[in-house]
Amino acid sequence: MEFLKSAVASAMAAQGPPFPYSFGDKVDIDASIWTLYNGTRRADGSDCSIFSFDVAANRSRLPLAKNALKKLRTMRHPGVVKVLDAVETDSYIYIATERLVPLRWHVKRKSLSPETIKWGLYSIARTVKFINDEGSSIHGSLRVASIYTSESGEWKLGGFEVLSNVKDDDAIIYAYGSLVPDSSRFTPPELAQAGWDAIKKSPHSAVDSYNFGTTIYEAFNGDFPVASQAGQTKGIPPAMHAGYKRLVNPNPKARITVKTFLEQGRRSGGFFDSPLIKLTEGIDNLDVKSEEERAEFLDDLDQLTDDFPEDFFKMKVLPELLKSVEFGGGGPKAFGVVIKIATKLTNEDFEARVQPVVVRLFGNPDRAIRVCLLDNLPSMIDRLPQKVVNDKIFPHMVSGFTDLAPVVREQTLKSVLVVINKLSDRVINGELLKYLAKMANDEQPGIRTNTTICLGKIAKNLGTSNRTKVLIAAFTRSLRDPFVHARNAALMALAATSEHFTEEDCATRILPVISPSLVDKEKLVRDQANKTIDIYLQRIRKAAANMPDSALPPSQAADSAGPRMSTPQSSDVSSWAGWAISSFTNKLSAASGEMQTSSNGAPTPRAASPSTAPEPKRVVSSTSSASALHRQALKSPSPDPLSRSSTIAAPDTYFKDPSPIEDDDAGDAWGDMGDMNDEDTGDAWGEPTDNTTDAWSTTTTTRTPAVPATTVTAAKKAKKTPVVSSKPFDDDSEPDFAGWLAAQAHKKNPGIAKPLPKGLAKNGGSAAAAKKPLATSRSVSAAAKPAASKKIDLKPKSSAGDDDGWGDGW
């Protein structure tokens with residue numbers, strides 16, 4: 001069928017003048033001499049409508065078709081159907097017009113609101129007034145069937161088949177008025193009784209006034225079935241009742257003109273005094289209005305409800321408003337109306353009409369326009385393609401981060417949440433984070449607070465490689481912000497983003513920085529800090545519950561517990577202090593003499609015997625263990641009464657109870673010791689340091705012959721007046737007890753002179769003995785020549801006679 005229709009149209013066009021339009025679908029209309037088609041212009045594909053008249057099928061009505069073509073070409077008015085082109089031959093008449101839709105479609109479906117109907121009737125009334133007054137003509141067939149709606153939704157008047165000039169005595173209306181299809185229903189009573197020639201006896205506008213009244217009834221009720229319905233007010237707004245009844249008055253001389261009806265409606269508070277009608281009159285000259293007039297117009301436009309004609313806003317209002325915003329100074333108010341209209345557009349219409357202007361406006365330096373754009377961005381973002389936002393809008397948008405006006409910076413910051421899903425990962429983790437870092441240091445505390453909130457909400461969009469680093473750095477910085485709400489926002493953000501951190505980060509990096517907020521001066525912060533810490537503690541506890549008891553292999557985990565000093569350990573047990581205790585007990589077996597304690601690092605005799613004669617010393621077997629030595633010290637008989645001089649009063653504050661030292665105390669003291677090898681006269685770690693603490697200074701396990709008090713006094717004097725020593729090296733460290741113990745072991749040999757260890761030398765001794773007590777003493781061989789470095793044996797010595805295995809355990 002479509003192919004046949006196209007072939008017929010082509011054949012017909014080939015017989016006559018060229019017609020540069022293509023026929024489309026047929027449009028259903030009321031009874032008419034015309035057949036209406038949708039069409040397109042071949043040159044550019046633009047839409048149009050085509051009225052077709054077949055001469056052979058309607059030859060009796062050919063004068064009506066010719067009159068309609070003539071009047072449409074000559075009657076120029078915004079309310080009249082616009083003719084694009086026309087072709088007239090002996091077989092057909094084609095009239096190409098703007099794209100039209102019969103008003104009957106809308107009326108039959110009752111899809112028009114009362115305000116829209118009034119707006120349309122206002123437009124038709126203005127057109128009829130123009131025809132009657134300026135044109136001195138009679139339309140003659142005014143009804144819903146002769147009215148069409150354009151693409152903009154405006155009502156356009158057609159049906160010019162019998163339109164006639166009253167000055168023409170041979171006007172077509174007199175002879176052919178009754179040939180108009182379905183004219184009997186709409187014929188005024190005087191014409192129905194006396195014929196169309198009765199027009200000459202009445203005002204020429206009387207026919208159109210009556211037909212305008214029936215059109216009002218038909219528009220509000222959907223149909224005008226019979227002539228008797230004229231004058232009934234069913235469905236008609238009450239404000240129109242009086243004017244409507246006067247329009248359909250049976251007496252043609254008593255009828256008011258359409259002009260009078262129009263003036264009544266335009267009065268203040270009249271039925272044509274509505275925002276939509278004011279919009280129609282003001283939109284065309286918006287650019288030439290003054291600031292006050294433009295503001296008043298936009299206020300009326302903003303008050304429009306959602307039930308107004310969408311097509312009119314899309315085709316007429318929207319282009320004018322966009323032009324006013326971009327070039328005419330319409331400002332943010334006009335753009336707000338643009339967005340309101342744009343919500344009703346299809347995606348294709350939005351992309352074609354609004355999107356290009358929005359992109360250009362983001363490059364506008366006007367702050368008011370920028371803030372308005374950012375305010376309305378949420379209603380547009382879903383319709384803007386990702387490529388447009390990322391490549392065209394965001395590069396202009398970032399200038400708001402550095403604007404001098406705080407309101408622009410803050411609004412730009414809030415808009416990040418709107419556009420974040422339209423930005424690429426490269427932009428988010430690069431340029432955006434760079435600007436957010438600057439915003440975190442903004443002088444406005446509110447902007448700093450909103451930056452923290454923004455980071456918390458876009459955390460899921462950040463790259464996994466730098467998300468933790470960025471969030472922890474930003475939130476911990478905000479926790480130190482002097483603005484209370486900034487600190488509170490940081491705590492809330494940490495609570496909301498806890499899933500983005502590992503358990504290790506939670507425990508080592510986040511909880512330590514949250515803790516100070518628990519004692520914040522503001523209760524708001526303290527309460528939030530408690531809530532946030534509870535969240536992280538619950539997560540850490542949950543993770544810790546799933547962790548193994550030990551990360552060591554099973555064999556090492558069994559040996560991980562350190563040996564106790566008072567409990568024998570197996571010889572194969574190894575711990576961090578095992579080698580130190582073993583070598584210490586080996587040296588203890590060869591020790592003789594009385595232990596010396598140190599107060600504040602200076603060696604001080606524990607006790608002095610009143611007699612200078614040495615007591616018989618107790619020889620300890622080298623094969624005894626540390627436990628055996630301790631028991632032996634506890635069971636040994638009490639020594640001679642001790643005599644203390646005034647120079648050793650300090651130890652009394654540390655040793656108030658002369659009872660033997662418990663095992664635990666000895667273990668503590670030994671645990672702090674360095675290694676002492678019985679074959680080396682130096683420290684087991686190498687050269688001793690000034691800060692080394694001698695573990696022997698706090699323990700007493702065996703007793704040696706008492707040292708005379710004069711020796712202690714001489715040592716103290718030597719400390720006060722040090723003398724330069726001829727020894728090759730002395731690092732002023734603590735006395736070398738290991739060397740002294742070794743010397744005591746060989747004291748019986750009379751052939752070798754062995755001086756007492758440093759700090760215990762007699763008064764008037766050598767220069768080496770006059771050194772200050774903290775200096776490290778050397779053995780007798782080291783006094784004569786520089787001590788040769790020896791290899792330190794860190795392994796515990798095995799003892800065949802160790803009865804309880806304690807020494808081997810350490």
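Glutamate 190 and arginine 255 form a side-chain salt bridge, with an N to O distance of 2.6 Å; the term denotes a side-chain nitrogen of Lys or Arg within 4 Å of a carboxyl oxygen of Asp or Glu. Because glutamate 190 belongs to helix H6 (residues 189-194) and arginine 255 to the loop between helix H8 (241-247) and helix H9 (258-266), the pair ties together parts that are 65 residues apart in sequence. Helices (H or I, at least four residues) and strands (E, at least two) are DSSP runs, numbered from the N terminus. Both glutamate 190 and arginine 255 are buried, that is, under 20% relative accessible area, where exposed means over 50% and partly exposed in between (1.4 Å probe, protein chains only).

## Basis and confidence of the model

The model is predicted: local features need pLDDT of at least 70 and side-chain atom pairs count only at pLDDT 80 or more, while totals for chains, interfaces and linings use all residues. Residues are numbered from 1 along each chain as its sequence is written, and side-chain values use heavy atoms, with hydrogens and water left out.

The average pLDDT (the predictor's confidence in each residue, from 0 to 100) is 74 for the protein, and 66% of the residues score at least 70. Over residues 563-731 pLDDT stays under 50, and the model has 273 contacts there beyond four places in sequence; a contact means heavy atoms within 4.5 Å. Residues 759-810 also have pLDDT below 50, with 140 contacts beyond near neighbours in sequence. Where pLDDT is low, the predicted coordinates should not be read in detail.

## Further salt bridges

The count of salt bridges comes to 20. Aspartate 30 and arginine 104 form one of them, their closest N and O atoms being 2.9 Å apart. Aspartate 30 lies in the loop between strand S1 (21-27) and strand S2 (35-41) and arginine 104 in helix H3 (residues 103-109), so parts 74 residues apart in sequence are tied together. Aspartate 30 is partly exposed at 28% relative accessibility, whereas arginine 104 is buried at 11%. A network of salt bridges links Asp30, Arg104 and Glu218.

Glutamate 326 and arginine 360 also meet in a salt bridge (2.5 Å, N to O).

## Strand pairing

Strands pair if DSSP finds at least two bridges between them. S1 and S2 pair antiparallel over five bridges, with phenylalanine 23 facing its bridge partner glycine 39 in S2. Six bridges join S2 to strand S3 (residues 47-54), also antiparallel. S2 and S3 form a hairpin with five residues between them, and glycine 45 in the turn has a positive phi of about 75°.
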